[in-house]
Amino acid sequence: MTSTENVCARDGCSFLPEIVMIGETPLPAVYCGDACADFEWLRRALNESTPSLGVAAALQDLNALERILNARSEPFSVGPLISESLYAG
Ligand SMILES: [Zn+2]
């Protein structure tokens, strides 16, 4: 495990985080890839929605998507987009 490795907040896989801008602050991504980040965004959005048949159907789709994500043998390899010196500290 290197100092630049991170653990995905969704599925616990380790990955090399890319830097994302949160406001003015560059921070390492907390998910191994767009798939995990989008998944969590969707789940949050659905959890905050008023329950309805449409939301229930979307949650079913989300569960199917989660199975697909969990079945991946390799996480997306996300390489550092910028110099490793910026990870220091
Ligand atoms: Zn992940």
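**A zinc site and its surroundings in a predicted model**

The zinc ion is held by Cys8 (SG), Asp11 (OD), Asp11 (OD), Cys32 (SG) and Cys36 (SG), at 2.3 to 2.7 Å. Donors here are N, O and S atoms within 2.8 Å of the metal (3.2 Å for Na, K and Ca), and water is not among the atoms, so sites may look incomplete. Along the sequence, the donor residues of the zinc ion follow the spacing C-x2-D-x20-C-x3-C. Distant parts of the chain are linked in this way: Asp11 sits in the loop between strand S1 (6-7) and strand S2 (14-15), while Cys36 belongs to helix H1 (residues 34-47), 25 residues apart. Asp11 is partly exposed, with a relative accessible area of 26%, whereas Cys36 is buried at 0% relative accessibility. Buried stands for under 20% relative accessible area, exposed for over 50%, and partly exposed for values in between (1.4 Å probe, protein chains only).

The model is predicted, so local features need pLDDT of at least 70 and side-chain atom pairs count only at pLDDT 80 or more, while totals for chains, interfaces and linings use all residues. Residues are numbered from 1 along each chain as its sequence is written, and side-chain values use heavy atoms, with hydrogens and water left out.

Turning to the overall fold, the chain has 2 helices and 4 strands, arranged in sequence as β-β-β-β-α-α. Helices (H or I, at least four residues) and strands (E, at least two) are DSSP runs, numbered from the N terminus. Of the 89 residues in the chain, 21% are buried. The accessible surface of the chain is about 6,200 Å², and carbon and sulfur atoms account for 57% of this surface; such areas come from the Shrake-Rupley method with a 1.4 Å probe, and for residues only the protein chains shown count as cover. Among contacts in the chain with a separation of 6 or more, 41% join residues 24 or more positions apart, where contact means heavy atoms within 4.5 Å.

Glu5 lies in the segment before S1 and is partly exposed, at 27% relative accessible area. Not counting residues up to four places away in sequence, Glu5 touches Ser14, Phe15, Leu16 and Pro17. The C-alpha atoms of Glu5 and Phe15 are 5.5 Å apart, although the two residues are 10 residues apart in sequence. Val7, in strand S1, is also partly exposed, with a relative accessible area of 42%. Leaving aside neighbours within four places in sequence, Val7 contacts Gly12, Cys13, Ser14, Phe15 and Val30. Val7 and Tyr31 are 24 residues apart along the chain, with 7.5 Å between their C-alpha atoms. Glu40 is buried, with a relative accessible area of 9%.

The largest pocket holds about 200 Å³ of space. On a 1 Å grid over the protein atoms alone, a pocket is an open set of points with protein on both sides within 12 Å along at least five of seven lines, and lining residues have an atom within 4 Å of a point. Grid points are joined across faces, edges and corners, and a volume is the space filled by probe spheres set on the points. Residues lining the largest pocket include Glu18, Val20, Tyr31 and Asp34. Strand S3 (19-22), strand S4 (25-28) and H1 each provide at least two lining residues, and S3 gives the most, with 3 residues.

Note on methods
1 Å grid on protein atoms, 1.4 Å probe; cavity = no way out; pocket = protein on both sides within 12 Å on 5 of 7 lines; lining within 4 Å.
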